[in-house]
Amino acid sequence: MIGVLLLLLLLPFLLYIAAPQIRKMLSSGVCTSTIQLPGKVAVVTGANTGIGKETAKELAQRGARVYLACRDVQKGELVAREIQIMTGNQQVLVRKLDLADTKSIRAFAKGFLAEEKHLHILINNAGVMMCPYSKTADGFEMHMGVNHLGHFLLTHLLLEKLKESAPSRVVNVSSLAHHLGRIHFHNLQGEKFYHAGLAYCHSKLANILFTQELARRLKGAGVTTYSVHPGTVNSELVRHSTLMRWIWWLFSFFIKTPQQGAQTSLYCALTEGLEVLSGNHFSDCHVAWVSAQARNETVARRLWDVSCDLLGIPVD
């Protein structure tokens, strides 16, 4: 009994000592590409915090012209200035993008296309997680609307520019949580039943299905696309859930930093020779296994058509 009590008392200390090695084990993937990006143009959504910020910073460090596509422009400007000072790259720009409003998405795309002749890297990074039930400006359930439909529309609007700039890449940030996801076409907006945690999982499954179908449609176009699981990262994504914030705090020693979480996005955006793996899902800078639902081509194609219909995009 005394031994058990002693072990319980020592456990927090032992975990504290072991934390660096455990964290290292859980964040083994590192983007080792040395490629530089002068003359290249990149767009990163949700780049004013967390993984998006670190991704944008690294792209700027390599010389790219980087657009921080953010809902909070004021916060984005502060981050842009920080990145400019840290990297010496003044080509870090902020533009308004609210993925919960298709008018904002279209306005961003219109402005970008008028401003830029090229787009080489699009990183669909922004997202929401475990929101109480709510809808976007267009009436979409918030997770599906922001995480999937918002990025679907943005990619569609920028696709011709990506083709003109080939070779170019699209990276969609998904999650291991997709394994719990299902695409309920009869309840896509969560009006019949809703669970905040599962709604997030459904949207992350949609990210993978979108990536695979996009890769299929872009075969031979010079544009490749990848979905990624960044790992469990200490970020603002859990801001809507008190329980998740508590869990994140409790296990903070073992959770990836945003810089570590950005590595797989960077790997897919930068690594040479990755074109043959277009459409694949990555975790820790390696191809990762996806659920049976995420491999269902019929569901992927139907989701594409339904997404087009919801967004008013002609179905080809």
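Trainee: Which helix gives the most to the lining of the second largest pocket?

Mentor: Start with the general idea. Rolling a probe the size of a water molecule over the atoms shows where empty space is left. Now this structure, which is a predicted model. Helix 6 gives the most to that lining, with four residues.

Trainee: Which other elements give two or more residues to the lining of the second largest pocket?

Mentor: Besides helix 6, they are strand 6 (223-229) and helix 10 (297-311).

Trainee: How many residues line the second largest pocket, and which lie nearest its centre?

Mentor: The lining has 22 residues. Gln212, Ala215, Arg216, Ser278 and Gly279 lie nearest the centre. By class, the lining splits into nine nonpolar, eight polar and five charged residues. The space in this pocket comes to about 410 Å³.

Trainee: Back to helix 6. How do helix 5 and helix 6 pack?

Mentor: Two packed helices are described by the angle between their axes and the distance between the axes. Here helix 5 (residues 142-164) and helix 6 (residues 196-217) pack at about 20°, with axes 7 Å apart. Angles under 35 degrees count as roughly parallel. Helix 5 and helix 6 are therefore roughly parallel to each other.

Trainee: Is the crossing of helix 5 and helix 6 left-handed or right-handed?

Mentor: Right-handed. On the helix 5 side, the contact residues include His143, His148, Phe152 and Leu159. Helix 6 contributes, among others, Ala199, Tyr200, Lys204, Phe210 and Leu214.

Trainee: How do the residues of that contact divide by class?

Mentor: Nine are nonpolar, eight polar and one charged.

How values were computed
Residues numbered from 1 in each chain as written. Predicted model: local features only at pLDDT ≥ 70, side-chain atom pairs only at ≥ 80, totals over all residues. Heavy atoms only, no water. Axes fitted to C-alpha atoms, helices over the stretch in contact; angles between N-to-C directions. Parallel < 35°, antiparallel > 145°, perpendicular 65-115°, else oblique. Left-handed = near helix turned anticlockwise from the far one by under 90°. Contact = heavy atoms within 4.5 Å. Nonpolar A, V, L, I, M, F, W, Y, C, P; charged D, E, K, R; others polar. 1 Å grid on protein atoms, 1.4 Å probe; cavity = no way out; pocket = protein on both sides within 12 Å on 5 of 7 lines; lining within 4 Å. Points joined across faces, edges and corners; volume = space filled by probe spheres on them.
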